[in-house]
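Subject: Handing over the structure

Hi there,

Here is the structure I promised to pass on to you. Have a look at it first, and then read my notes below.

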Amino acid sequence: MKSSIDSASRWFYRGAWGVATRLFRVPDRPPTLPALGGGDPKSFQPSPKFLDYLLVQFWIGAAIIAVLIVIGLVGISAGAWQAGLALLPVAAVLFLGGVAIGYLAIHLRYDTTWYVVSDRSLRIRRGIWIIHETTITFENVQNVLVQQGPLQRFFGIANVRVETAGGGGGAAAQHGGGGNMAASAHQGLIEGVSDAERIRDLLLARLKSSRSAGLGDDLPLIARETPPSLAWSSEHLAALRAIRDEVVNLLA
Amino acid sequence: MVVRLRSKAVHLKVAPMPVSTLPSASPGPSASASKAAAPSGAGKFDASQITRPDKSLLKYYLLAALLTGPAYPIAILPLIFKYETLKYSFDDTGISMSWGLLFRREVHLTYRRIQDIHLTRNILQRWMGLATVSVQTASGGASPEMSIEGVLEAEKLRDFLYAQMRGARDEGDAGEIDASHRPADGTQPEAGRPGATAASQEALSLLHEIRDALRELGKRK
């Protein structure tokens, strides 16, 4: 019984994923970063515990809504029991439909969240309807935050938030760094990873090794524009020879 | 968005200005830009070729304005104006973008000042093969400083911008872009050029001779 439900739900989910990738053009493959001579970029997804975490949150929310619906129905029934009885199937259908859609959405959300970390930059893809891809180089990172709530601590996961210069992070911070807000501001949110310390250390090592303090150094551009040519051309050598001859003549 | 555009444009008092007179760092903008893009594996992608949005952007605007419902005729006009006047210019140091018919707006930024790049595709844009590449610099505000719309090769453009961004390659890599401009302070470039080595050796021996001769001269005094 259990396995048949499992396989049915897996079959259903594969269908939903097929619709998402073919009809809704959700990219099927993980994002990559162009390797610019800096290590090989590594794509990964949030920890599987993150899915459990989202589902626990989801079921808690669903239970609260169910209790509220029951209380509401009991309240209505106390007034007119026929109305309560009539509303019961409507409420049940709406609730179960909402649960199914929410459950599907959480799985899709998990499967469409990708992080790519190379040794000098970071790319985050997130979203189902609106797909956000954020690219940040570590050189531009101003600070790194690690956030962990009690439930996340229980699951052994944490969020790493990477912030670049510029304002506008306020709205996302107020919303607890929720999905789409995070993509619009000057930050990248690496949600639900079990090795937050490693990612934090990687970022911090990169930040500390950077010689510039902050915004917009254009050293490479300047270096490119002024070729510091120390090679001796034939004119240099001719001039040097002439000097040598002069000095030698002085001696003689 | 329309409101923001107008209010800012009023303050800026931007005079209508043909995009051909936009300041550009060099007459041949493609030279260095395409050279820098080559190592990123972007193939033949040349950002300097992008001057106008693709035609499908207008279709996208027409469809997106449908969402406003009865306000459609009012919502669509600024979008049509924006599409008709939208111009991009990618040179070897930065991006310029201008649009607007009555209220003109121009945005200029340099690649090195880019803080983060966002590629956003909603479902309509995915169906039409479009995307919005939002480029953010370190100025305040959560809204992006520049939203490049209507580029079909948005991912390549994004990776091109990423390659130009600060920190995407380290300073040593700048030499890989153009080896002849590499600072010749190390022995590495000379090893590749035997002629230069011979010349510098001769120069050194000449300098030694001059030094010795001057030393001799000093002793005689």
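Let's start with B:Asp159, which has a relative accessibility of 17% and therefore counts as buried. (Buried means under 20% relative accessible area, exposed means over 50%, and partly exposed is in between, using a 1.4 Å probe and protein chains only.)

Before going on, please keep in mind that this is a predicted model: local features need pLDDT of at least 70, side-chain atom pairs count only at pLDDT 80 or more, and totals for chains, interfaces and linings use all residues. Residues are numbered from 1 along each chain as its sequence is written, chains are lettered from A and ligands numbered from 1 in the order in which they are written, and side-chain values use heavy atoms, leaving out hydrogens and water.

Now to the charged pairs. Side chains of opposite charge can pair when their charged atoms come close. A salt bridge here is a side-chain nitrogen of Lys or Arg within 4 Å of a carboxyl oxygen of Asp or Glu. Searching the whole structure gives 17 salt bridges over all chains.

Which residue does B:Asp159 pair with? Its salt-bridge partner is A:Arg123, with 2.9 Å between the closest N and O atoms. B:Asp159 sits in helix α6 (residues 154-164) of chain B and A:Arg123 in strand β3 of chain A, so this pair joins two chains. (Helices, H or I with at least four residues, and strands, E with at least two, are DSSP runs numbered from the N terminus.) A:Arg123 is buried, at a relative accessible area of 1%.

Within chain A, A:Glu191 and A:Arg126 form a salt bridge of 3.5 Å, N to O. This one links distant parts of the chain, as A:Glu191 is in strand β7 (residues 187-193) and A:Arg126 in strand β3, 65 residues apart.

In chain B, B:Arg121 forms a salt bridge with B:Glu155, and their closest N and O atoms are 3.2 Å apart. B:Arg121 is buried at 12%, whereas B:Glu155 is partly exposed at 37%. Salt bridges with shared partners join a network that includes B:Arg121, B:Glu155, A:Arg123 and B:Asp159.

Finally, take a look at A:Ser118, in the loop between β2 (114-117) and β3 (121-126) of chain A. A:Ser118 is buried, with a relative accessible area of 6%.

Enjoy exploring!
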